[in-house]
Amino acid sequence: MSDSFSAPGPEDLFGPFSHLVQAGVDHALLGIAALTQALTDGTDFASLNVVEQVLDTPVFSGIDSIDLSSLKMGGKPFLSDALRDSFNSGHAGEVLGEFTELAGHASHSMGAFLATALQTGQFGALEQLSGSVTELLELAVSRFSGDYDVDMYGFDEHFTRLVWLPLWRPLYTHWFRVEVRGAEHIPSDGALVVSNHAGVVPMDGLMTSVALHDEAGRHLRILAADLAMSMPMVGNIGRRIGATLACNADAISMLEEGCLVGVWPEGYKGLGKPYSDRYRLQRFGRGGFVTTALRVGAPIVPCSVVGSEEIFPKIGESPTLARLLGLPYFPITPFFPALGVLGCIPLPTKWVIEFGEPIPTDTYSPADVDDPMAVFELADHVRETIQRTLYRNLEQRQSIFFG
Amino acid sequence: MDTSGPATRIAVVGGATYMGANLAAQLTANPDVEKVLLIDSVMPAANIQRRFQGAEFIAVEYQSPALVVALQRHRIDTVVYVGMHQNMRDAVARKAQKENNILGSMHVIGACLRVSTLRHIIMQSSASIYGASGADPALFTEDMQARTRPKGGTALDFVTVEGYMRGVRRKRPEVSITILRMASMLGSTGSHTLSDVLSPSIAPMVAGYDPRVQLLHPDDAVSALAHACTHEAAPTLRVFNIAGEGIMTLGCAIARTGRIPLWIPAPLYPLVFARFRTTHHTITTAMVSYLKYGRGLDLRRMREEFGFIPRYSTDEALAAFVESAELEPLYTREAMEKSAYKLAASLHPTWAEDLADKYSEVAKMRSRETLAQANDAYADTMTIHDGPHT
């Protein structure tokens, strides 16, 4: 098999464009080198430290043999000095010439350095890079050749694990800085995760999915409203990432198969609640989720999300636009729709997702499934637990943005 | 009269179809079956006739009394009704099609009621009666209904005729009725819009949607009908979903067939589909919703109560279709692997080796999975066959 493969150079890959590509790469290197030069040359010790720090990071780990002085080229004056001098004397052309010359030197030296590194492949960063590049290629091949399977609900584990969750992880780690508590409470088989719902767009569902995958190694199977499942793109991606219609048949069979099923009983009432109502749980529907859990005897895991309810502070709504677009509500926030696309950026609140102790349901008798009192009682119990945890975590919180 | 026991004298109504002819071939090969009679209102095409394998064919109009006479003279105990058209033709042909599907079925059922020896009616129905919408559960069980009743087209025909079958139960309670709701079939029957989507090199999809599709190999459809004939049935009305195991998305099917997907906004879809189709079928709104949301059938009852396991899974049915229709894939996984390898090699020589390692792992994993599945399937068939004897 490998005989038929040969390792081609850039000429084979880019064909007639190889010179263009080469020139592009050269220019990029030139820029980097100029920057390095500007930072390292001269006597500015602070900037030298910066470079040393950069070179100490894992990306450059293993290049211990490179003498920093080799990066300083020919004792040119520090660039900012040169710039200041030239501007003072009004010789902008000279600055340009200076810069070009500088960059020419740097380009050669950085180019040689990168070329050596690439050829010998001696340091860790390249191996990491190799891992991610080959993974990306393998992923692309699998996706485009249809080499993946979906389960009966349309759940595409391959897509979810390798495309969908990585897409949201930066938001999870860096934007909302999600802190997960109580991940050890997640049972290893079928369970119903019940959570508060807010934030105009269901960002809490996405973040809970990432949290459960990263902290408990489970995929969250979301129960979604039929409106969402009918929407183009939304319904399609929904099924792909493990969502299904919130109906008894699907919820029961998922729980019986041992899935971790997520439900937001507040529904659209919760998602579209005004900013003034944040962290005040709405009515939990008719408690349908309790009936489902009772029927299967699956435990209910209460989940309280703090931070999600402030990402889009809804201060008003436009029923006319909502009716026009066929949406349950059309939100107005201080930034949306006034700032357009910018208004769609969620506020970087600090999130805490806490999973409570599972509430067992197998202690109830089968008759309780049809007993509205028992169902409401259990639904209220779950609601109370989530509300209490929300209030406790809100009390501990010092700042919306820093936790 | 003995109501249990497998059928011995079988009439296949709608015998001039692919399904009827192949069923006849399979039944005549069964030594327990005394008589196979093929009935249709039209003469079979030559390629269909070749498949009869010596079964007797008679052409009668369904509304003529000759149908009852024929059934009675041959002391038929089982009628298999496969004569309904599955796919929408253009508006003019649709009138004739509806005539056949509704009035033809009424006449056939009326004739069956007059045959005293009759014990069992088997009807080939279609899963299209479940419709397709965003409010559908992931899997339809036989007891569920479409979220919105089909407004027209062949799906409505099937709903109507299934209703007539329930009527038969009231008039002749000793007659068993088996209704098989079959999933989408690709290939030789030419019976499904999906074939029209997958056949051209550019496959039109509805923009923003990627439906789940469940496929049934035509051979399995025939086997399911034969299974219904040759296994005893209690005098009740039984409904079974029939489909291959597993499910796939249309996008995945298109990729595996090596087609290039083209996303078309839903309102324009029928127009564009007309440009791409390879057959005379037009596309209805019901079909467009199917191409938006797809459909899944719950097969537990098929496996456990009906005791039928299709030979082809959904994946295999697609592969068989690609092979039999001689569809030339425009791209394959192997070709893509090769270009990815070239790209990796151009970036760095050792990366290509890493990639090749990964491929071989994938290949190994895939073959392991296939082997495990094959073993499981084998074990399943063994337990089913051994079950009653032990």
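Colleague: Let's start with Met233(A): is that residue buried, partly exposed or exposed?

Modeller: Keep in mind that this is a predicted model. Met233(A) counts as partly exposed, because its relative accessibility is 46%, between the cut-offs of 20% and 50%. Met233(A) lies in the loop between helix H9 (226–230) and helix H10 (234–240) of chain A.

Colleague: And what is the phi of Met233(A) near?

Modeller: Phi of Met233(A) is near 65°, a positive value in a residue other than glycine. Most residues other than glycine have a negative phi.

Colleague: Over to chain B, then. Where is Glu326(B) found, and what is its phi near?

Modeller: Glu326(B) sits in the loop between helix H12 (314–324) and helix H13 (333–347) of chain B. Its phi is near 50°, again positive in a residue other than glycine. Glu326(B) counts as exposed, because its relative accessibility is 69%.

Colleague: While we're on chain B, how many helices and strands does it have?

Modeller: Chain B has 14 helices and 13 strands. Of its 390 residues, 54% are buried. The accessible surface of chain B is about 17100 Å², with 55% of that belonging to carbon and sulfur atoms.

Colleague: Back to chain A. At what angle do helix H13 (residues 288–296) and helix H15 (residues 372–396) of chain A pack?

Modeller: The angle is about 105°, and the axes of H13(A) and H15(A) are 9 Å apart. H13(A) is therefore roughly perpendicular to H15(A).

Colleague: Which residues make that contact?

Modeller: From H13(A) there are Phe289(A), Val290(A), Thr291(A) and Leu294(A), and from H15(A) there are Val375(A), Leu378(A), Ala379(A) and Val382(A). By class, that gives seven nonpolar residues, one polar and no charged ones.

Colleague: New topic: how many disulfides does the structure hold?

Modeller: Zero, over all chains. Take Cys247(A): the nearest cysteine sulfur, that of Cys259(A), is 14 Å away.

Colleague: One last thing: which residues does a cis peptide bond join?

Modeller: That bond joins Phe336(A) and Pro337(A), with omega about 0°. Most peptide bonds are trans. Pro337(A) is in the loop between strand E8 (331–332) and strand E9 (352–355) of chain A.

How values were computed:
Residues are numbered from 1 along each chain as its sequence is written. Chains are lettered from A and ligands numbered from 1 in the order in which they are written. This is a predicted model: local features need pLDDT of at least 70, side-chain atom pairs count only at pLDDT 80 or more; totals for chains, interfaces and linings use all residues. Side-chain values use heavy atoms; hydrogens and water are left out. Helices (H or I, at least four residues) and strands (E, at least two) are DSSP runs, numbered from the N terminus. Buried means under 20% relative accessible area, exposed over 50%, partly exposed in between (1.4 Å probe, protein chains only). Accessible areas come from the Shrake-Rupley method with a 1.4 Å probe; for residues, only the protein chains shown count as cover. Axes are lines fitted to C-alpha atoms, for helices over the stretch in contact, and angles run from 0 to 180 degrees between N-to-C directions. Angles under 35 degrees count as roughly parallel, over 145 as roughly antiparallel, 65 to 115 as roughly perpendicular and the rest as oblique. Contact means heavy atoms within 4.5 Å. Ala, Val, Leu, Ile, Met, Phe, Trp, Tyr, Cys and Pro count as nonpolar, Asp, Glu, Lys and Arg as charged, and the others, Gly among them, as polar. A disulfide is a pair of cysteine sulfur atoms within 2.5 Å.
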